[in-house]
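Student: I have a structure open and would like to learn how to read it. Where do we start?

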Amino acid sequence: MATRATDPCGRTGRKLAIFLQLTLNGLAVGCIYGLVALGFVLIYKATELVNFAQGDLLMLGAFVTFMGVVWWELDYWVAFFIAIVVVSAFGALLDATVLRRVIGQPQFAVVMLTIGLGAMFRTFASVTWGSEIYTLPTPFSGVTVIGGVTLSHQYLSIVAGTLLLCGVLYAFFTHTRIGIAMQATSQNQLAAYYMGIPVKLIFSLIWAISAGTAVVAGVLLAPVTLIDINMGLAVALKAFAAAVLGGFGSIPGALVGGIIIGLIELYAGATLPEGFKDTAPYIVLLLMLAVRPQGLFGTLARKKV
Amino acid sequence: MRFLFKTSYAQDIQLFRDRVDAGWYGLLAVVVLLLPAVISDYYVGEVAWVFIYAICGVSLMVLVGYTGLISLGHAAFLGIGAYAHAYFLQHGMPWVVSVVLAIVITTACGIIVGLPALRMTGIYLAIATLAFSVIIQEVFSRWESVTHGFAGMPVGKPVIFGLSFDSDLAFYYLCLFFLVITLWLTRNLLRAPTGRAWVAIRDSEIAAQSMGVNLAIYKSMAFAYSAALMGLAGALFAHKIAYLAPDIFTILLSIQLLLLVIVGGLGSLHGAIFGAIFVALLPPVIAILRDSIPASLADATAATGIGLFGLIGEGIGSFLRKPGVEAGIFGLILVLVILLEPRGMYGRWLKTRIFFSTFPMYKRATFKRQKTYMKSERLR
Amino acid sequence: MSFFQADNLSINFGGIKAVDGVSFTVPKGQVFTIIGPNGAGKTTIFNLVSRIYEPTQGRLVFEGNDITRVPPHQIAALGIARTFQNIELFEHATLLENLLLARHAHKKSGFFAELFFLPSVRRMEVEHREAVERVIDFLDLQQYRDSLIVNLPYGVRKVTELARALCTDPKLLLLDEPSSGLNVEETEDMAFWIQDIRSLLGITVLMVEHDMKLVSAVSDQVLALNYGRPLAMGSPREVQTHPEVVRAYLGG
């Protein structure tokens, strides 16, 4: 620090470095929100259910990975993979056993159902793993310093992981038969059914994908927030705000919304008085909804009569 | 089965359906009035919680059950009512004035929150109310000159016109009084054009509009009325809990209130009461089971000599003692109710009653829900 | 001064002209029917008249007053009521409650009077009930009075829609495909009721309908539309035999 203070352009340089640092961190946190929001939107687009247990699936994914890495001493990637498979299967099972039965009930009832499921998952986690806070060792512990900006590998891994996952999902939805079938089902369930698409199976698959996305988000997030039973709740609330900000039902909207929320949160935390870190995203959301009630990428529709 | 012969239109808008109905409610009133004489002081206090939760339940029932607007932020209204009342009391206002001011303030907040609600439905409204509640909670913890932040704010016992309600018994009757008033006023609104307009908005906004309902006015009215009741409940809540802190009024409390209306049965005032009984009494019931199940099963072991009973008892006891189990039990019940009895406890009550009044002619199909394919709520 | 008049009415949805320069006048006491193939813009005209859509162009005049800018919830109080093609009843309320809601435009009580259910509110409620009962008698709905709409068969719901519109005491009644989904017998009943509504109650009817038998039986004047543009106007016979109309329906 002392050496830099003598640097003639040190002050602005350091400010810029701090700004870039914040932006990277905000981007990384935003990516997590974006991923969880993506999970919300995938399920919503297909089945019109809003899954409030998304954050708790994230928490379960992080715990399963933790168990793999620490208790069974598996390789990080193997444990990661196992967690994705296990929690995705659990998501599909959840759809097949519980959520399929409430399709057609008022949206509000379904929201409450998933809130109830989330509470059960948290209780399950607290009975199984206890209420301690755990650390997940990851291969991304180092830092790279470029021009005074410290790039933490944890944060870089989040951004890279998000980009990778989005690429894979994009390819899946546009280039595979089953992905296109999913899109068709989201557009019109009944028509898809008549075209011979196995709608129930598609719904379960979408739940699996959505749960898998949550696991990726959870494992990427784990080194930043540490693992505990309530880690999903706070993330899910912000991610929900992100999904709405983007216009619920729009996939690019979810990601953009997530990044916006993440950036606002970090900038507000650094510049505004204490307390604004957690409220600023919501204030922005309320202002945005007042101006554009349908969200950034949403379309306003009115029932046809 | 009893058949009701109606002879005038006025009969359909009475408070009670007929004399027999009124008689049952009269009996209920007597039971509730005499209840403190037979239960211990501890339970008198717990039943007072039921009354406070029931006022909250009626408030949310008007908004969610009758008008079809979702609020994930009702705990914030409760908090505003509680803090406002505590603040005014601290500044020496008479009790009645303080409560009225608390209600006025929450009503104003309700209208402010209701304004954006005019253009939103479903999830958008849910998130907007959630955002409001997060912001309000932050205000509670930061506005220290009024709320004392995390240091907390003590609230004394109510003193009304010189009468002190410092015993559990007196407070019981105070809460009961306000619950009855709440129920009466709400029932009046619901049997009048305003209540019909709310139901109409819930079922079809577009038709309601074409029949002359001003959506903006009636939606804000629902929000304002609901918030006003929350303000009243908040004032009683403040006395009951005796010490206000910002982390009481979280989203978890809002969710618990929503759970109340769903478990009770959406779209009926009875449901609000049933739900309040459930939400307020489940924690003490779990507390009792925590100790009594292991004890009674241990007795069974002692009596029969089969060690398994005792082991099961120990297992259940230690499970119930784990932290966070209560929330899980609430979650489980919520899931079961939505899956098995979407009309809640009140729906179950109606079915039971009809089963007995039509015995042995009861048909299960009477309440069978139509199977439907997914109906879009995107375009409401 | 005509009773109801639409002047050069137009609306665009993202570049598509759903209704394009439609003008017509409905004389008092007549049944005026709009026909046309699917997507001709018939229901859109109804949505314009009941003010759910904003017209891009044109004027609506009712009893000499320009109603082009009146908000939708004030339309009922002016004396225009409508039914919906796909049934928009309040499903989780009883038939009686549905009809009573239609009296909303005639409500006079304030919030606080209702909060305490003052005698004035009670009196008004009984008056509303009497008005509603007259409609129930008129359309023979007595036996369904206390049933929830969700439990009623489709045909009865269709009649309930009509009853609800009548309960607003309209001067102009908009019927959006009153016969759709009804069987032959129910359609005949509907034809009688529409005639009765016009002759006994003296209500002017503006109707959208596909069933040509019903149209010929009850209409005084018919307007045929295609792609949002008027094709022909005149008596049912004239319009049905009009070469443009025949071409629109049969193609070619």
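Student: How many bridges join strand β1 of chain C to β2(C), and in which sense do the two pair?

Tutor: The general idea is that strands of a sheet pair through backbone hydrogen bonds, either parallel or antiparallel. This is a predicted model. In it, β1(C), residues 4–13, pairs with β2(C) in the antiparallel sense, over 7 bridges.

Student: In what order do the strands of the open sheet in chain C lie?

Tutor: The order is β2-β1-β4-β5, 4 strands with antiparallel pairing. The edges are taken by β2 (16–26) and β5 (65–66) of chain C. Each has a single partner strand, so one side of each is left without a neighbour in the sheet.

Student: Next, a helix. How far does α5 of chain B reach from its first C-alpha to its last?

Tutor: Start with the general rule: an α-helix has 3.6 residues a turn, so residues three or four places apart point the same way. Helix α5(B) runs over residues 122–142 and has 21 residues. Its reach is 31 Å, close to the 30 Å expected at 1.5 Å a residue.

Student: Is α5(B) mostly covered or mostly uncovered?

Tutor: Mostly covered: of the 21 residues in α5(B), 17 are buried.

Student: Now chain A. How many helices and strands are there in it?

Tutor: Chain A has 12 helices and 2 strands. Read from the N terminus, its elements run α-α-α-α-α-β-β-α-α-α-α-α-α-α.

Student: How many residues of chain A are in contact with chain B?

Tutor: 45 residues of chain A are in contact with 45 residues of chain B. On the chain A side, the elements that give two or more residues are α5 (107–129), α8 (189–194), α10 (231–246) and α12 (276–291). The largest share, 15 residues, comes from α5(A). By type, the residues of this side divide into 28 nonpolar, 10 polar and 7 charged.

Notes. Residues numbered from 1 in each chain as written. Chains lettered and ligands numbered in written order. Predicted model: local features only at pLDDT ≥ 70, side-chain atom pairs only at ≥ 80, totals over all residues. Pairing = 2+ DSSP bridges. Contact = placed C-beta atoms within 7 Å. Nonpolar A, V, L, I, M, F, W, Y, C, P; charged D, E, K, R; others polar. Expected span 1.5 Å × (residues − 1). Buried ≥ 20, exposed ≤ 12 C-beta atoms within 10 Å, placed from the backbone.
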